[in-house]
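Thanks for coming, everyone. I'll keep this brief. Please have a look at the model on the screen.

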Amino acid sequence: MSSGAARWIGPAFAVVGVLGFSFKAILIKLAYAWSSVDPTTLLALRMLYSAPFFVAMAWWSGRGAAPVGRADWQALVWLGFVGYYLASLLDFMGLAYITAALERLVLFLYPTMVVLLNAAIHRKPVGRRAWQALALSYAGIVLVFWHDLRVSGDPHSIAVGGALVFGSAFAYALYLVGAGSVISRLGSMRFIAWAMLASTVFVLAQFAVTRPLTALDVPPRIHLLSLAMAVFSTVLPTWLVAEAIRRIGANASSLIGSLGPVFTIGLGAVILGEPMHAIQLAGAVLVLAGVLIVSRRPRLAPADA
C-alpha cells in the first residue's frame, strides 16, 4: 500500500466509526416504531449480541499482559456501571420521547460537562474562553429545544426525553473523568472490553429482575436491529475509533467525532422522516462550535452511551 493511501486509513476509520455510533439512535427509533419493545428489553438484546465480541476483545487485548489488579477491577465495575449501563439506559429511555437529532445534540454536550466536572472535582480552572464555549453550546441546545417545543406540540415528552438524555450525557462525562488513569494502565482496547462486559452484567441483572424471560420473544426484525446495533453501532465503531486514535492521534479523532450530530441529523431526516429546519441547524452549529472550542482533552470515542 502506498504511503499516500495509508495516510487516509486513520481518518477513514474515524469517519466510519463515527457514522456507526451515529446510526445507533436511528436503529433504536426504528425498533420503537416497529414494535412495542421497551428500552430495558432493547438494551438487553443489544448487550447480549455484543457481549461475545467483547469477550473476544478482552481475551485478545489481554494476551501476555499483566493481570488486572483489584483496584482496577473495582474501577472497571464502577465505570462500566456509570458509563455504559446508566448512560445507555437513560439514552434508550430518552429516545422513546424525542427525535434522534435532538438526542444526539444533547448527548454531545458531554465534553462541556467534563470541563465542569474537572473544575469541581480536580479544581481545574475554567478559563474565559471555555465559559464562552459553554455559553455557545447551551444557547444552541436552548434554541433547538425551543424549536422542537414549538413544532411538536408535546412539551411534556420533549422535557422528559431531554432530561433523560441530559442525564445520560452527565453519566458519560463522569465516566470520562474517571477513566483516564485506568486506560493508561490497561490500554484502551482492554479497558473498553472489560467495562462493556461489566455493564452487560448490570443490564442483564436489571432485565432479570424487572422483565420475564418471554420479553425477549420479540419479532425477528427487532432481533436483526439489535444485532445490527451490536455489530455496526457498538463493537465495530469502538474498534475503528480506537484504531483511528492509534493512527492519527486523539485530537484528530476527536475533531472527526464532531461529525456525529451532523450524521444523526441527516440520517434522521432521510430514514425516519424527522424534520430539518434552519433554526434547528443554527442551534446545531452553536452546539458544535462550543464543543469544538471546549474539547481540549483526548476522548475514547464519540459519545455512545
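First, a term. A nonpolar patch joins nonpolar side chains within 5 Å, from residues with over 30% relative accessible area and no salt bridge. Keep in mind that this is a predicted model.

Now the patch itself. Phe232, Leu236 and Trp239 make a nonpolar surface patch of about 300 Å². Take Trp239. It sits in helix H10, residues 220-248. Trp239 is partly exposed, at 37% relative accessible area.

Next, salt bridges. How many does the structure hold? Four.

One of them pairs Lys24 with Asp91, at 2.8 Å from N to O. Lys24 is in helix H2, residues 9-34, and Asp91 is in helix H4, residues 70-94.

Another joins Asp72 and Arg185, with the closest N and O atoms 2.6 Å apart. Arg185 is exposed, at 51%.

Last, helix H5, residues 100-107. Eight of its eight residues are buried. Among them are Glu103 and Arg104. Their side chains meet in a salt bridge, 3.8 Å from N to O. Glu103 has a relative accessible area of 0%. Arg104 comes in at 4%, which also counts as buried.

That's it from me.

Notes
Residues are numbered from 1 along each chain as its sequence is written. This is a predicted model: local features need pLDDT of at least 70, side-chain atom pairs count only at pLDDT 80 or more; totals for chains, interfaces and linings use all residues. Side-chain values use heavy atoms; hydrogens and water are left out. Patches are made of residues with over 30% relative accessible area and no salt bridge: like charges are joined within 9 Å, nonpolar side chains (Val, Leu, Ile, Met, Phe, Trp, Tyr) within 5 Å. Accessible areas come from the Shrake-Rupley method with a 1.4 Å probe; for residues, only the protein chains shown count as cover. Helices (H or I, at least four residues) and strands (E, at least two) are DSSP runs, numbered from the N terminus. Buried means under 20% relative accessible area, exposed over 50%, partly exposed in between (1.4 Å probe, protein chains only).
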